[in-house]
Amino acid sequence: QVQLVESGGGLVQAGGSLRLSCAASGRTFSRYAMGWFRQAPGKEREFVAAIRWGGGSIYYADSVEGRCTISRDNAKNTVYLQMNDLEPEDTAVYLCAAEVDGRSWPLLKAARAYDYWGQGTQVTVSS
């Protein structure tokens, strides 16, 4: 079992920044691919970013490319999502997810590729 706990969400004005964190349990965290998704009310879960186990392969959705940075600290079992220049359209619940079977891109863009999910953290961007 893998448990994921997100933190760092909140209310921010447009143009502001937030850094989300996702703490994971499990001794083999360094072997997981990790992803960030978001879900706004009435909308489908949307891919944001993913990072493979070694950190050398990183992927972003077009909507956040250039504004977000995903990173991981395997020593701390934590993955981060730094979000800059936030827009009201970024308002959503942000969820992190772990993929433990070694799937690669572009499979990592799909929510169904992930095996474990956190509960999410709310990000609200005011205009």
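Predicted model: local features only at pLDDT ≥ 70, side-chain atom pairs only at ≥ 80, totals over all residues.
D90 counts as buried because its relative accessibility is 2%, below the 20% cut-off.

The side chain of D90 forms a polar contact with the side chain of R38, at 2.8 Å. Leaving aside neighbours within four places in sequence, the residues in contact with D90 are R38, R67, V123 and V125.

## L20 in strand β3

L20 belongs to strand β3, which covers residues 18-24. Its relative accessibility is 0%, so L20 counts as buried.

Apart from neighbours within four places in sequence, L20 is in contact with S7, G8, G9, W36, V79, Y80, L81, M83, Y94, T121 and V123.

## The largest nonpolar core

The largest nonpolar core has 38 residues, and those touching the most other members are L4, M34, W36, I70, L81, M83 and Y94. At least two residues of this core come from each of β3, β4 (33-39), β5 (46-51), β6 (58-60), β7 (68-73), β8, β9 and β11 (121-126). In soluble globular proteins, nonpolar side chains tend to be buried together.

With neighbours within four places in sequence left aside, L4 is in contact with C22, A23, A24, M34, C96, A97, A98, Y116, W117, G118 and Q119.

Technical notes
Residues numbered from 1 in each chain as written. Heavy atoms only, no water. Buried < 20%, exposed > 50% of the residue type's maximum accessible area, 1.4 Å probe, protein only. Polar contact = N/O pair within 3.5 Å; in protein donor to acceptor, adjacent residues only side chain to side chain. Contact = heavy atoms within 4.5 Å. Helix = DSSP H or I, 4+ residues; strand = E, 2+ residues; numbered from the N terminus. Core = buried A, V, L, I, M, F, W, Y, C linked by side-chain atoms within 4.5 Å.
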